[in-house]
Amino acid sequence: MTIVRLGYVAMSEELKNASPSQTMTFKQFQGIKDRDAAINKLERIAVSNLENCLRLLRHSKANEIHFFRLSSRLVPLANHEELSDWKYMRALKEPLKDIADFLQENPMRVDFHPDHFVLLNTLKTETLNNSIKTLAMHHALLKGMEIDPEHRCVLHVGGVYENREKALEQFIHNWGLVSTRLQDMIMLENDDTSFTLHDTLYLCEKLGIPLVFDYHHHLAHHENINWQEQWGRIVGTWEHSKLPVKMHISSPRSEKEFRAHAEYVDSDMFMDFLNGIKGSVPEIHCMIEAKKKDLALFKLAEELSLKPEVEAIDGSSFKIR
C-alpha cells in the first residue's frame, strides 16, 4: 500500500483575483521618475503577491490539499542588476510571517520550481552568478516563511551546449561553486528534450541530490530506458531526505504536441505509473503540472476515487492497494 498526495502549481483556476505573480517590468520601473516611489510600488506588488499566496494556501487547506508549489515570481525585479541596493526582504517581513504562522497551524508541503534561466551547468560566469543570486532569494523567502529550505527547489539540469557529457560534467564542476546551504535546497528533474532519467540519475547519485521523476517528460524523452527498472535508484536518491518522494505528473496535449501539457491529467495514464510503484514507498507526493491547476487536481481526484484499487483519504489524498 502507498499513500498518494496530489498538489498543484502556484495559481488557482477557481479562486479569482489571487495571482501571486503580479509583476513590473524594468521599463515600467524606469518610467517612474522618483526612484523611491518606484521601489515602493515594487514592494507593494511583492506584498500583494504574498497576500495572494496566503489566500491560495487557505484555499488549499479548505479543499484538503497538502502540497503546493509557490510562485517563483513573488518579488519582481528582485535580482535586477540596477536594483542591487534594494533590501526587499525588509518590506516582506510581515506577509512572510503571516504565511509562516498559517503553515505552523496548517502543515503542508510547499516548494519552488525556479524559472528556466536558473542554469547551474552554464559555461558563463555571469549566468552562474545570477542563478546563484536567484537561488539565494528563494532561500531567503523560505527562511522568511520559517520553512526548512532542504529539498524545496526543483531544477532542470540545464543546457546541452552541443555536448551532453561535457554539460553533465560542467554541472558537477559548477556545483562545487554553490554554497552548501543552497545545494541543500535543490532537487533535479529529468526533462523532455535534453537530459533523460539516466542522465539525471547520474548527477543525483554522484552529488547526493534527490531526483524528481517527471513521468510525462520521461515518456517524451527516454532513449529506451525502462523507468520501472530504475525506480529503486530514483527512490534511493531520497534516502537522506526528510520529505517523501516527489514526482511530476501531466499529460500530453495531443499526439502531435506530445511534449505540451494538457489542461487536465489523464487518470488512466497516471494509474499506469501508480500501479508500477505501489508498495515500493510508503508515501509519494505528486505535483500536477496541468494548465487547469487546481481544477485539474479536483477532476483527477474525483476520477481516481472511482477506481477499485483506490481508497480516498480526503480531497487530495488516497491509498493505492
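Predicted model: local features only at pLDDT ≥ 70, side-chain atom pairs only at ≥ 80, totals over all residues.
# Loops, helix packing and aromatic rings

Biologist: What is the phi of Asn224 near?

Modeller: Most residues other than glycine have a negative phi. Asn224 is a residue other than glycine with a positive phi, near 65°.

Biologist: Where is the place of Glu64, whose phi is also positive?

Modeller: Phi of Glu64 is near 60°, in a residue other than glycine, and with a relative accessible area of 39% Glu64 counts as partly exposed. Its place in the chain is the loop between α2 (35–62) and β2 (67–69).

Biologist: At what angle do helix α7 (residues 197–207) and helix α9 (residues 227–236) pack?

Modeller: Axes are lines fitted to C-alpha atoms, for helices over the stretch in contact, and angles run from 0 to 180 degrees between N-to-C directions. The axes of α7 and α9 are 11 Å apart. Angles under 35 degrees count as roughly parallel, over 145 as roughly antiparallel, 65 to 115 as roughly perpendicular and the rest as oblique. That makes α7 roughly parallel to α9, the angle being about 15°.

Biologist: Which residues of α9 make the contact with α7?

Modeller: Contact means heavy atoms within 4.5 Å, and on the side of α7 the contact is made by Leu197, Leu201 and Glu205. On the side of α9, the residues are Trp227, Gln230, Arg233 and Ile234.

Biologist: Which handedness has the crossing of α5 and α7?

Modeller: Helix α5 (residues 164–175) packs against α7 at an angle of about 25°, with their axes 11 Å apart, and that makes α5 roughly parallel to α7. A crossing is left-handed if the near helix is turned anticlockwise from the far one by less than a right angle, and right-handed if clockwise. The crossing of α7 and α9 is left-handed, whereas that of α5 and α7 is right-handed.

Biologist: How are the rings of Trp231 and Phe273 arranged?

Modeller: Rings of Phe, Tyr and Trp (its six-membered ring) pair if their centres lie within 6.5 Å, and planes under 30 degrees apart count as stacked, over 60 as edge-to-face and the rest as tilted. A search of the whole structure finds 14 aromatic pairs. In this one the centres are 5.7 Å apart and the planes stand at 80°, so the pair is edge-to-face.

Biologist: How many residues apart in sequence are the parts that this pair ties together?

Modeller: Trp231 is buried at 5% relative accessibility, and Phe273 is buried with a value of 0%. Both belong to a cluster in which ring pairs also link Phe213, Tyr215, Trp227 and Phe270. Because Trp231 lies in helix α9 and Phe273 in helix α10 (residues 267–277), the sequence separation in residues is 42.

Notes. Residues numbered from 1 in each chain as written. Heavy atoms only, no water. Helix = DSSP H or I, 4+ residues; strand = E, 2+ residues; numbered from the N terminus. Buried < 20%, exposed > 50% of the residue type's maximum accessible area, 1.4 Å probe, protein only.
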